[in-house]
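Hi everyone, thanks for making time this morning. Have a look at the sequence and the model on the screen, and then I'll walk you through them.

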Amino acid sequence: MAISAMYPGTFDPITLGHEDLVRRAARLFDTVVVAIARDTGSKQPMFSFDERLAMAEDALAEYENVEVRGYSGLTVEYARTHGYQAIVRGLRAVSDFEYEFQLANMNRALTEEVETVFLTPTDKYTYISSTLVREVASLGGDVSGFVSPKVKHALDGVTNSS
């Protein structure tokens with residue numbers, strides 16, 4: 001039986017930390033769908049939905065069992081209706097745990113068909129977040145150690161125009 005997982009997020013932008021989790025999830029699951037959320041709630045993304053999709057597709061092109069898709073609505077409902085058995089979530093620090101634990105329990109209450117699997121990043125990526133990358137880039141800092149070259153170029157284009 002093939003086991004598919006969904007790795008959801010806004011990926012605004014996708015970072016090397018995200019790529020690290022995708023690489024490791026791709027070893028555990030037959031298929032990993034990196035699902036880019038169209039609905040960002042209260043977040044105001046720096047990049048459009050289409051830009052976030054394109055950056056993720058470019059960054060993850062080398063992984064044969066990884067697909068990038070966009071989605072709307074409840075994550076767990078999208079996972080259930082598309083037959084994904086697991087939702088992959090990253091835990092960078094203890095501070096992530098409480099929110100992710102609540103989210104996993106809410107998802108389980110909504111459907112027992114989908115499990116949540118937590119992965120921790122490689123040590124060198126534990127402090128990287130899209131929020132910090134955007135902030136460093138907006139202040140003129142070098143983010144080349146945190147994102148792929150194409151994402152860095154996209155960040156340079158946005159931050160230099162503001």
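Let me start with a question: where does threonine 111 lie? Threonine 111 is found in the loop between α4 and β5. Before I go on, some bookkeeping: this is a predicted model, where local features need pLDDT of at least 70 and side-chain atom pairs count only at pLDDT 80 or more, while totals for chains, interfaces and linings use all residues. Residues are numbered from 1 along each chain as its sequence is written, and side-chain values use heavy atoms, with hydrogens and water left out. Helices (H or I, at least four residues) and strands (E, at least two) are DSSP runs, numbered from the N terminus.

Is threonine 111 buried or exposed? Threonine 111 counts as buried because its relative accessibility is 8%; buried means under 20% relative accessible area, exposed over 50%, and partly exposed in between, with a 1.4 Å probe and protein chains only. Leaving aside neighbours within four places in sequence, threonine 111 is in contact with Val76 and Arg80, where contact means heavy atoms within 4.5 Å. A polar atom of the threonine 111 side chain also lies 3.2 Å from the backbone nitrogen of glutamate 113.

Now the sheet. Five strands form an open sheet with parallel pairing, in the order β3-β2-β1-β4-β5. Two strands pair if DSSP finds at least two bridges between them. At the edges are β3 (66-71) and β5 (115-119), each of which pairs on one side only. Neighbouring strands of this sheet are turned by 30° against each other on average, direction ignored. For that angle, axes are lines fitted to C-alpha atoms, for helices over the stretch in contact, and angles run from 0 to 180 degrees between N-to-C directions.

Let's zoom in on β1. Strand β1 (residues 4-9) pairs with β2 (residues 31-37) in the parallel sense over six bridges, and proline 8 has alanine 35 as its bridge partner in β2. β1 and β4 also pair in the parallel sense, over two bridges, with isoleucine 87 in β4 as the bridge partner of methionine 6. How many of the residues of β1 are buried? Six of its six are. In a regular strand the side chains alternate between the two faces of the sheet. Here, Ser4, Met6 and Pro8 point one way from β1, and Ala5, Tyr7 and Gly9 the other way.

β1, helix α1 (residues 16-28) and β2 make a right-handed β-α-β unit; right-handed means that, with the strands pointing away from the viewer, the path from the first strand over the helix to the second runs clockwise. Threonine 15 lies in the loop between β1 and α1 and is buried, because its relative accessible area is 1%. Threonine 15 caps the N-terminal end of α1, with a side-chain oxygen 3.2 Å from the backbone nitrogen of glycine 17. Not counting residues up to four places away in sequence, threonine 15 touches Ile128, Ser129, Ser130, Val133, Phe146 and Val147. Among the buried residues of α1 are Leu21, Val22 and Ala25.

On to α4. Helix α4 (residues 94-110) lies across β4 (86-90) and β5, running at about 170° to β4. Its 17 residues should span 24 Å at 1.5 Å a residue, and the end C-alpha atoms are 25 Å apart, which agrees; the expected span is 1.5 Å times one less than the number of residues. The buried residues of α4 are Asp96, Glu100, Ala104 and Asn107, and what covers them includes α3 (75-81), β4 and β5.

Two last residues. Threonine 120, in the loop between β5 and α5 (130-138), counts as partly exposed because its relative accessibility is 46%. Threonine 120 touches Leu21, Arg24 and Leu91, not counting residues up to four places away in sequence. Lysine 150, in helix α6 (residues 149-160), counts as exposed at 54% relative accessibility. Which residue does the side chain of lysine 150 join in a polar contact of 3.4 Å? The partner is the side chain of aspartate 58. A polar contact is a pair of N or O atoms within 3.5 Å; within protein, one must be able to donate a hydrogen and the other to accept it, and residues adjacent in sequence count only if both atoms are side-chain atoms.
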